[in-house]
Amino acid sequence: MTLLIAVTFIAHLWMPVVYVPTSHAVVKEMVKLAHLQSGDCVYDLGAGDARLLIAAKRKEPGITAIGCELIPTVWALGRLNILASRQKVHLRFQNILRCDLQDADCVFLYLIPSLMEKLKEKFDQELRPGTRVIAYVFKIPGKTPEKEVKVPWMGSERAVRVYRW
C-alpha cells in the first residue's frame, strides 16, 4: 500500500487530475440517462472507484462494463469495490487517451475541461455514429448536447449532459 501511495504522489506531479467521487444521486441519474441495453459496451473514462460502472452493471446486467483509471491508489480502490460488488466489471490501469473506444455504445465522463477538449478529437475519430456520451459538469467543446438535466450539488445545481456522436 505504501508503494501505491508513493506512486500516486509521483504520478500527480505529471497528471493534471484529481480524484473527485461522483455522488450516488448523480450516478443514478447518469445511468438512467444512458438508456443502457443488454449487449451494450459501456466505458467510464477516469472511472475512479468504479461506482458508476458497478451501478450500470446492476441496472443492466447484460452490458460489458469497462473503466480506465490512471491514479494507482484510486485504481486499487476501484478493484476492491468491484470485488466487493461481485459485478463483472473490467477496470484497466490505463491512460484514457489510449483507451480504444471503437466498440463503445456509451461513454461516461466526469473530467476536467482540458481533457474534454482532447477527448472530443478522440471521439470524432473513434466513436461510431449513435454512440451516447454522458458527461457530468463539464461540456464537450464544440458539441451540442441532445439533453441536459440539472442535478443538486451542495445547495446548487450541476448538469449532466447527453451527447450523441
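What pLDDT does the protein average, and what percentage of the residues score at least 70? This is a predicted model, and its average pLDDT is 89, with 88% of the residues scoring at least 70.

Strand β2 (residues 64–69) pairs with strand β3 (residues 89–93) in the parallel sense, over 5 bridges. One of the residues involved is E69, whose bridge partner in β3 is F93. Together with helix α4 (residues 72–85), β2 and β3 form a β-α-β unit that is right-handed.

Helix α5 comes next. Buried residues of α5 are L115, M116, L119, K120, K122, F123 and E126. These buried residues pack against three strands, namely β1 (41–45), β4 (106–109) and β5 (132–136).

The last stop is H35, located in the loop that runs between α2 (24–34) and β1. Is H35 buried or exposed? Its relative accessible area is 53%, and because the cut-off for exposed is over 50%, H35 counts as exposed. Apart from its neighbours within four places in sequence, H35 is in contact with D40 and R132. H35 and R132 are separated by 97 residues in sequence, yet their C-alpha atoms are 9.1 Å apart in space.

Note on methods. Residues numbered from 1 in each chain as written. Predicted model: local features only at pLDDT ≥ 70, side-chain atom pairs only at ≥ 80, totals over all residues. Heavy atoms only, no water. Buried < 20%, exposed > 50% of the residue type's maximum accessible area, 1.4 Å probe, protein only. Helix = DSSP H or I, 4+ residues; strand = E, 2+ residues; numbered from the N terminus. Contact = heavy atoms within 4.5 Å. pLDDT = per-residue confidence, 0-100. Pairing = 2+ DSSP bridges. Right-handed = clockwise from strand over helix to strand, strands pointing away.
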